[in-house]
Amino acid sequence: MQTTLSHEFAPRSLWQRWRWLIWLVVIIAIYSWAIGGLQFTGLQASAKEVSKSIANGLVHPDWAYVYNGSGEDLSTLTLQTLAIAFLGTIVSAFISVPFAFWAARTVHERWHLRSGSGKVMLTLIRTFPEIVLAIMFIKSVGPGSYAGVLAISIHSIGMLGKLFSESLENMDRGAEEAITSAGGNHAQVFALATVPTIMPEFISYTLYRFEIAVRSASILGMVGAGGIGTPMIFAIQTRNWPRVGIILLGIVVMVLLIDTLSEQLRKKLI
C-alpha cells in the first residue's frame, strides 16, 4: 500500500510536465518553416470585382435553369449524373466480386502468392484517378456519358474489390464450419453460408461507393464525360455566376439526398 501511494505521488519529470509545450513549439516551428517557403505574388487588380460577382451570382442563382425543357437544364443533367454514378457503381460491384475472392487471403490460405497478386492488381486499378481515366476513355469512345460510366466503373473496381476482399477476410466462419460439419459440399457452403454472411456488407459498401461516385460524376463532366459538370465548366468560363450558383446548389441538394438515403439503407443492412 505504501509503495502504491508513493508511486502515485511521485514527482513528475521535466518531460512529463512540459512535453505539451515542447510539441507545441515543434509544430509551430514546422508550420512557420513551411509557410515561409511559399511565394505570395499578391492579388490581381480585378480580384475584388470578380469576388463580388461570384458572391452575387451564388446568392442570386439562375432559377430559370432548373428546368426549361431543353434537355440541357439542371434537372435533366442531374438525373444524367445520377445515372452515370449508378450504372458505374452497379457494373463495378458485379465485376469486383471475383477480384475480391482472388485477393482475399482466407480464401487462399495455402496460396498467398495468388491472393497477393490479386491485391496488387486491385492496387494498380485504383491507382489511376477517375478524371485521368475519363480523359483516356474520351479519347477512345468520345465525349459523353459513356466515358464517365467507364471511368467510374474501372476505378470503383479497385476500391470495391479491396473492401469486398477485406470483408471476406474478416467474416465470421461459424456458419461455414457448421454446414461443413453437417456434410455440406463446397457449393452448399458457399450458397447457404458464405453468400448470406457477406451480402449485407457487400451491399453496404456498394451504397457507400455510390455516394462517392455521385460526387465524382459531378466533376467528370468538366473534362467532357457527361453529367452536370459540363455546363458548370462552361458557366465558369463565361463568368455566368448565377448559372454556377444554381448548379452548385443542385449538386449540394443531390449529394445530401443521396447521402441521407444511403445512410438509412446501410443502417438497416448492418
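This is a predicted model: local features need pLDDT of at least 70, side-chain atom pairs count only at pLDDT 80 or more; totals for chains, interfaces and linings use all residues.

Biologist: At what angle do helix α9 and helix α11 pack, and how far apart are their axes?

Modeller: Two packed helices are described by the angle between their axes and the distance between the axes. Helix α9 covers residues 186–220 and helix α11 covers residues 241–269; they pack at an angle of about 175°, and their axes are 9 Å apart. Angles over 145 degrees count as roughly antiparallel, and α9 and α11 are therefore roughly antiparallel to each other. On the α9 side, the residues making the contact include Pro200, Ile203, Leu207, Phe210 and Val214. From α11, Ile251, Met254, Val255, Ile258 and Leu265 are among those that take part. Charged residues join in as well: by class, the contact has 12 nonpolar, 3 polar and 5 charged residues.

For some context, look at two other helices. Helix α4 (residues 74–103) has a kink of about 35° at Ser96, shortly before the proline Pro98. At the start of α4, the backbone nitrogen of Ser75 has a side-chain oxygen of Asp73 within 3.3 Å. Helix α7 (residues 145–170) has a bend too, of about 30° at Ser156. With 26 residues at 1.5 Å a residue, α7 should span 38 Å, which agrees with the 37 Å between its end C-alpha atoms.

Key:
Residues are numbered from 1 along each chain as its sequence is written. Side-chain values use heavy atoms; hydrogens and water are left out. Axes are lines fitted to C-alpha atoms, for helices over the stretch in contact, and angles run from 0 to 180 degrees between N-to-C directions. Helices (H or I, at least four residues) and strands (E, at least two) are DSSP runs, numbered from the N terminus. Angles under 35 degrees count as roughly parallel, over 145 as roughly antiparallel, 65 to 115 as roughly perpendicular and the rest as oblique. Contact means heavy atoms within 4.5 Å. Ala, Val, Leu, Ile, Met, Phe, Trp, Tyr, Cys and Pro count as nonpolar, Asp, Glu, Lys and Arg as charged, and the others, Gly among them, as polar. The bend at a residue is the angle between axes fitted to the seven residues ending there and the seven starting there. A polar contact is a pair of N or O atoms within 3.5 Å; within protein, one must be able to donate a hydrogen and the other to accept it, and residues adjacent in sequence count only if both atoms are side-chain atoms. The expected span of a helix is 1.5 Å times one less than its number of residues.
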